[in-house]
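Here's a walk through one protein model, written for someone who likes to know the cut-offs behind the words. Have a look at the fold, then read on.

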Amino acid sequence: MARKFFVGGNWKCNGITEEVKKIVTTLNQAEVPSEDDVEVVVSPPFVFLTYVKSLLRPDFQVAAQNCWVRKGGAFTGEVSAEMLLNLGIPWVILGHSERRALLGESNDFVGDKIAYALSQGLKVIACIGETLEQRESESTVEVVAAQTKAIAEKISSWENVVLAYEPVWAIGTGKVATPAQAQEVHSELRDWIKSNVGDEVAASLRIIYGGSVNGANCKELAAQPDVDGFLVGGASLKPEFIDIINAATAKKNA
């Protein structure tokens, strides 16, 4: 089964109205492959979700950067899946390493959040990845398998999940996993899914790479057989995001 190339842009906690409008204008004017070849989702901060959605070209979608683990209520500062759906936001990023590290989100908590978001009808970009210390101790596969297992134990369908492998040591550092390193982990993840979830899910699940992806390295990464796209951080705020979307062509020709 051919897996449609997926490019997500995580804007993180960046932007004011004028900057956001400029980014969207750049995206709207870009020449990129058709929706048949690439799925593009951008994730602005919560306060700009509806603004971006109102301006953005119809072939690109919008994601939130987080949502709460259950229905809304007395949870100051949180945003529920139901609220996102009410605004017509189809996607959410969950389990990002910054939230795992800075806010103490555990594997189980992330699994619960993903399960709840899916149960309400959201699509999920589920993030996993190891720290530099874990990589150097050669426990990468063990770490990402445990993170994936915590998701697999809570959900019954992977149809609306994109799995984003983001080595923590490569996020915003300028360091990037080599194409061979990325392919190795993606292949191990697909094998884990095959053994623990099933052949069909393993064949269809999109596993994307994140961690200092830019216009210069995206084509070589995209050509790897188990790299199905990217979750882009800093570069998604720049015009080179268009080059990264266009790496879908490199994938098609690989």
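## Helix α5

In α5, the buried residues (under 20% relative accessible area; over 50% is exposed and in between is partly exposed, with a 1.4 Å probe and protein chains only) are Val110, Gly111, Lys113, Ile114, Tyr116, Ala117 and Leu118. Those buried residues pack against α3 (81–86), β4 (91–94), α4, β5, α7 and β6. Packing here rests on contact, that is, heavy atoms within 4.5 Å. Element names come from DSSP runs, numbered from the N terminus: helices are H or I with at least four residues, strands are E with at least two.

This is a predicted model, so local features need pLDDT of at least 70 and side-chain atom pairs need 80 or more, while totals for chains, interfaces and linings use all residues. Residues count from 1 along each chain as its sequence is written, and side-chain values use heavy atoms, with hydrogens and water left out.

How does the length of α5 check out? The expected span of a helix is 1.5 Å times one less than its number of residues. Just after α5, Gly121 takes a positive phi of about 105°.

## Helix α7

The same check works for α7 (residues 140–152): its 13 residues should span 18 Å, and the end C-alpha atoms sit 18 Å apart, which agrees. Its buried residues are Thr140, Val143, Val144, Ala145, Gln147, Thr148, Ala150 and Ile151. They pack against α4 (97–102), α5 (107–120), β5 (123–128), α6 (132–136), β6 (161–165) and α8 (179–196).

Leaving aside neighbours within four places in sequence, Ala152 is in contact with Trp158, Trp192 and Val197. Ala152 and Lys194 are 42 residues apart in sequence and 12 Å apart in space, C-alpha to C-alpha.

## Rings

How many aromatic pairs does a search of the whole structure find? It finds five. For a pair, ring centres of Phe, Tyr or Trp (its six-membered ring) lie within 6.5 Å; planes under 30 degrees apart are stacked, over 60 edge-to-face, and the rest tilted. Tyr165 and Tyr209 have ring centres 6.2 Å apart and planes at 55°, so this pair is tilted. The pair links distant parts of the chain, with Tyr165 in β6 and Tyr209 in β7 (residues 206–209), 44 residues apart. Tyr165 is buried, at 0% relative accessibility, and Tyr209 is buried with a relative accessible area of 0%.

Elsewhere, ring pairs link Trp68, Phe75 and Phe109 into a cluster. There's a charge over a ring too: Arg57 lies over the face of Phe60, at 4.4 Å from the ring centre. The test is NZ of Lys or CZ of Arg within 6 Å of the ring centre and within 35 degrees of the ring normal.

## The largest pocket

The largest pocket has a volume of about 300 Å³. Of its 13 lining residues, the closest to its centre are Lys12, Cys13, Gln65, Glu98 and Arg99. Helix α4 gives the most to the lining, with three residues.

A pocket here is an open set of points on a 1 Å grid over the protein atoms alone, where a 1.4 Å probe fits, with protein on both sides within 12 Å along at least five of seven lines; lining residues have an atom within 4 Å of a point. Points are joined across faces, edges and corners, and the volume is the space filled by probe spheres set on them.

Glu138 has a phi near 60°, a positive value in a residue other than glycine. Glu138 sits in the loop between α6 and α7 and is exposed, with a relative accessible area of 75%. Ser212 has a phi near 60° too, again positive in a residue other than glycine. Ser212 is found in the loop between β7 and α10 (218–222) and is buried, at 19% relative accessible area.

Lys4 lies in the segment before β1 (5–10) and is partly exposed, with a relative accessible area of 34%. Not counting residues up to four places away in sequence, Lys4 touches Glu35, Asp36, Asp37, Val38, Glu39, Arg206 and Asp228. The C-alpha atoms of Lys4 and Ile244, 240 residues apart along the chain, are separated by 15 Å.
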